[in-house]
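Colleague: I would like to learn how to read a few features in a model like this. Can we take them one at a time?

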Amino acid sequence: KRTQHEMQAHSSGGPPPPPQYPDADAGADNEEKPPPPLRKPSDSKFHQQKLPAWQPLLTARSVFPLFFLVGAAFVPIGAVLFTASQSVKEAEFNYTNCRDASGISCLEQANKPDYYRWLRPPCVCNMSIHLPDNLTGQVFAYYALTNFYQNHRRYVKSRDDSQLLGWKPGSEEPLQDCSPYRQDPGSGSWILPCGAIANSLFNDTFQLFYHSPTAGADLAVEVPWTSRGISWASDRERKFGRVKNFTGTSKPPNWRLSPEQRSADSFQGDEELIVWMRTAALPSFRKLHRIVLHNASSAADWFKDGLPSGNYTLLVNYAYPVNAFSGTKSFVLTTSSWSGGRNPALGIIYMVVGCLHIVLGALFVVIHIQASKNLRSSNNEDQQTIRPVFL
Amino acid sequence: YTPLQNQLGPQLSQEHPSQQSAAYKERVIHLNRADAEGRVQFRSNSISTTKYTVVTFWPKFLFEQFRKAPNAFFFLIALLQQIPGISPTGRFTTAVPLSIIMLLTAIKEVVEDWVRQSLPATSEHKQPSQLHSLQGQLVCEPPDDDTTKFKGSLYLDQVRYPVSLNQLLMRGTCLRKTSYVIGLVVYTGADTKVMKNSKPVPLKRSRVERESNRYFLLLLLILAFFTLFTTVANMVWTSRIGPFAWYITNNEISVGHFGAVLITCFIMFHTIVPISLQVTLEFMRIFQAYFIQCDLDMYDPIADIAAEARTSSLNEELGQVNFIFSDKTGTLTQNSMVFQGATVAGRMYGDAVSNGAEAYEFVSGVNSMRSEAAQGQNKDLDDFLSILTVCHTVIPERDSHDNLLEYSASSPDESALVYAAKDMGYELFERSLDTFVIVKVNGEMRRFEVLATFEFTSDRKRMSMVVRCPNGAIRVFCKGADSVIFSRLQSPHLVSETTNHMSKFAMAGLRTLCIAVGDMPQSEWSRLHTEYENARNDIERREAKLALVAEKLEKNLRLLGATAIEDRLQVGVPATINDLLLAGIRIWVLTGDKLETAVNIGYSCRLLQPEMEVRSAVAELSHWLCGIASVKGKEPALVIEGESLSWASHQSVRNEFIDVCLQCRTVICCRVSPKQKSDVVRYVREAMPSAVTLAIGDGANDVPMIQESHVGVGLKGKEGLQAAAASDYSLSQFRFLKKLLLVHGAWNYHRVTIVILFSFYKNITIYVTAFWFALWTQALYNVFFTGATPFALGVWDRSCSVENCMRYPQLYRESQGSDRYNFKVFALWMLNGVYHSAIIFLCVLLAVSTGAVFSDGKTAGLYYLGSLVYAIAVITVGLKAGLEHTAWTGMSHLAIWGGIGNYLVFLVISSNFFPHAGGNFSEVVGYDRALFGSGMFWYLLMLVPALALTRDVAWKAYKKTCRKTLREEVFEMEKLRKDPSTVLFQGTYRKVTEKARLLRNAVGGRSADASANLGDSGPAVEASRGVNLDEEAGPAASAASAASSAAEAGTVGRLRLTVSH
């Protein structure tokens, strides 16, 4: 009404009316725009921040089915994982304190550097072991060390990948990281492979004999196994190559054999080294040592289905010193399942989390019922109620 | 300007100007004499309103950047990484990203400063050659910052002409209605009054950023703890196990070793401070600023001006505004006056009609007035309109064909009156200043001879003219404020009717002017005429003497009536102000206008409301301080004049002053200088350091205030671009402020805070796993990779819909305080990160503890564990980002799933680099097969994020069910397609909260002390007793001037307690 009057007032010679803006709430679109506006922003959904959006509403009502769903899925998954883990049979034999035939403690013998370097014949110990159950299926042999920090920062870095790939000629200087195992102090030639990891290579060797109850007490059948295939294929293919020429280089000080003596196609063929060089995450670790050959002709049909239960003798060429750092050494025989080695933790966590979710689901059902009850009652109350929560 | 009478010239010119200048230290300017004696070099006219110059850019920029704690921190890290053999990371892993971030920020600053650059100042016009021959001197005041006064004398050909503020064009003035002006430069460059009022462009940082800098210290503490703990653990390990771990060499403990390990640990754990945060924030803000500029709701189709974000670093500050300081003219109003009605001889033309709510609409009386004037019967109306047509300083401008172009007036009120009179048939036809006025009334020419003119001054508040009417009678025409007119009347005839009508006008927010007329016998005029001429020619005390003469003339007037003029508000101003008030923002108006005008505008834009107690402070401070403190029952509002405000420059009074101001619902400061505008902002900032202030204005006089406030908004208006050029954001309409604050501000605040929290959380979650690892194994380990999930959250998340933000301004309050981003929230987020990292690490650790995770019996190693932890952490963090989204746009999906996908792709690619490229990647060779080929990865992938986020989901769902915030409730209603207004409280609730909020501020502040001080120092016994009485009722009551009784104060006090729980 007012605007009408104003317009009339202006029509008869008043001041030129100021530009009339459309009402703020009415939107600007109905307005005629004579000249094409130059600075008008783009009217796309992106520019106007109106991209379509999914806006999940996370209330008790929408959350409790989710909790039930997760719970219902996790408990069975956990159960299956747990069963699979339990199906794995393993036997671990700690041979740290074993003694040789003359009763000398190998642990103390190995502490001397010349033992570790095999300058003297290593301490040989025979250990009688007993497998209570059959190990059915493919059996793997591991060695396990404890208190050994293969994850130490300087230790992990102490290697030269180019050397291991065979890309660095023996005459070329290794990485500084390898220090102090870079250069042989006597000859002055470069060490190949350099570094602390290679130098500390695990060098106990094992033989396993099965005493068959049917074949007579004296007959011991050696369990046939191989180190072929114990390392990651990717390591063999891409991290370890063939060194063409070892002349003019030195072996690591702690090694008994030179690399070419250890394997014809070092380092690619030296799978024990490759396994060792893949440093472990934790101070107690296992490393795959041998894969049992179940169909080897030498053992006839003894180990066709795995390792039978019974008595065995483990013959250890004991050289690796662990006494200094109070470590232990073990020999492990185990089968495997689709879920890996024996480790019930994952299955248990799954089941616990599943149960937790079911409990939470139930709790949120209660919360939902309670909340909708409150809402109904507050709707019935006086609308004027002050609700201080909004202040 | 007109020179003074020539006869005065010789007499005055005997006094040599240079003698005078020596005595007063004045500025002497010689015209066209570059070789003049005693000539001084004045300043160059070039000014710079930019933040940087070419020379100061790098030092200033680097200072500003390294003032940000994170940047300084990363610089230190980058330096430490240069020490060989100690850093667990590469030498340039920090230096390169830091340099890139610095470079990007520098580019952003340069671009923003470029936009801020001022326009060329000196006109390119060539001056007419005859001006070169002009000789003379101008003697005037030295440069100062007072824009309200200027005095000087111009000596031309031995004639002295006084010059005053009327002859001074300030820098930044826009020329209108003329294509050129011939002038003399008085002040240049930095000496100009405008520049004297301005300050260097301040370096503004948002509150969130300032707080983040503080929280950063918390992170440093965590970092220090991790570093020290790990270092000590390393020392313990090295001393106890190291000597025996023969396979690791160099295990001796020494000071050097300790230092090296300390630095190593420090560098390793520094990754918990997200380096990407700075660059994420910078880019995010650029996008946010871009969206502000793109907003069609803030685009003015008529002026073709879109909103402009001149800085992007304050986007989130827009969501926290507590105070708005607004200019009036050109900001709230269009500065165009429209005649709406009048009261003449007791008859009212037009009426104020209640529109239902508290507001009044005014129905224009122009039509009825016109028709009555056309009849020509009403003598009073004839006089009334004659005065409107004659008594003014308006000049009609005609083109070459003698067609009226327009009326040229210095005041828009006057031109509105003259136009209105013309509309009613009284056309101002011709006017010669100080000589005659010809008025065309219905075709008949009437000539009024002008005998004397007493111009309008703010002190006199009226304008008078002595004219000889066509019939020969001498009359005094007078128009002015009611207060001054009423006291000069012959009789109280019509006063009560007129007052009654005027209060109706005022209710509708109209500006009023009283019109009165007086008759003067010829004899009296002859006597006064001489006095008038003498006064006019007095140079030193011209104004005072003229005022004295006017006093003698303006007597025995007869009241005719009053006019009502609408100072037209900009579109949507009252609604916008109402919504901003609802949003919990306090609005103060700072204007150079006079008090009455300011109060009128206050009413018409609903800032002042009828139920409010409006107190004007014009006298001494102590009086009105007590006055405010004793206001009961009504909400107080304060109107204060610049003169009174100058009292507040004394520190002792200022605290009380600000406390009183803060207790008022609104404050209007009128007749304030640009400097005072910025002073007011500064006082509030000092009194309430946590409050965020916003200043909005359109003129050069608003620049100091715009620069002083946390956020400066400039309107691109008629008054030039100075304000917009100095501002942080520029708009073209006041009403756009609503969307800028309620939508962009609220969103950006939500976005920026969540991104900061999330970024810190993310890095803690990922990198604290390294600490768990170190704790577990006492060895060190490092992972490197960063995702950019926060970006989508910071650019595309929408915390509530535009419609709801705009419809329910109350939602703004949520972002205003620091409820959503404070130390506790920050610490809890960090704790959550630590918790998540622990869950992730423990689960992975337990699952792969034996290392035999493959079905083919092979063992995994150190980097397998690392990759697994990292992969699971990346996925958990990505899902957590999803959980924090309130709106999943396509961008969110892209960022979250794309981010996780990116990592997996990165894993595949990096697993296949070596040995052909990238020696750094030798450790991860074959990890794609190892991870994706082992069931372990997939089992953990399902398990760990679900477990880690269980707490978050459960807590969120609980809060959104049982302890909803207003925003969540509105959001839920919107989702369920219910009307959200049912959860908002109308009527009583709003009032109570408003009061409670005032109380909270009052009680929380120092007002209690202030009232006590007031009691001690107040000169008025009654007032001080009143305060003491209040104190007995408890501190809440004493502070709360809004509380009408002790009982009510008690209620509100209880309310406040509930709130603080």
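Modeller: Start with the annotations. UniProt positions are given in the numbering used here, and annotations may be inferred rather than shown by experiment. Keep in mind that this is a predicted model.

Colleague: Where does UniProt place the feature "transmembrane region" in chain B?

Modeller: The record, an unreviewed entry, puts the feature at residues 215–237, 257–277, 752–773, 826–849, 861–882, 894–916 and 936–954 of chain B.

Colleague: How much helix is there in residues 215–237 of chain B, and how far apart are the end C-alpha atoms?

Modeller: That span is 100% helix and 0% strand, with its end C-alpha atoms 33 Å apart. For residues 861–882 of chain B the values are 95% helix, 0% strand and 32 Å.

Colleague: Next, cavities. What does a probe tell us?

Modeller: Rolling a probe the size of a water molecule over the atoms shows where empty space is left. Here the count is 13 cavities of 30 Å³ or more. The second largest cavity holds about 180 Å³ of space.

Colleague: Which residues lie closest to the centre of that second largest cavity?

Modeller: B:P70, B:S212, B:L277, B:Q278 and B:L281, out of 16 lining residues. In chain B, α7 (207–240), α9 (276–294) and α25 (736–777) each give two or more residues to this lining. By type, the lining has nine nonpolar, three polar and four charged residues.

Colleague: And chain A? Which domains does the assignment give?

Modeller: Domain 1 of chain A comprises 61–88 + 337–364, and domain 2 comprises 97–336. The C-alpha centres of these two domains of chain A lie 38 Å apart.

Definitions and conventions. Residues are numbered from 1 along each chain as its sequence is written. Chains are lettered from A and ligands numbered from 1 in the order in which they are written. This is a predicted model: local features need pLDDT of at least 70, side-chain atom pairs count only at pLDDT 80 or more; totals for chains, interfaces and linings use all residues. Side-chain values use heavy atoms; hydrogens and water are left out. Domain bounds come from an automatic or database domain assignment. On a 1 Å grid over the protein atoms alone, a cavity is a set of points where a 1.4 Å probe fits but cannot get out, and a pocket is an open set with protein on both sides within 12 Å along at least five of seven lines; lining residues have an atom within 4 Å of a point. Grid points are joined across faces, edges and corners, and a volume is the space filled by probe spheres set on the points. Helices (H or I, at least four residues) and strands (E, at least two) are DSSP runs, numbered from the N terminus. Ala, Val, Leu, Ile, Met, Phe, Trp, Tyr, Cys and Pro count as nonpolar, Asp, Glu, Lys and Arg as charged, and the others, Gly among them, as polar.
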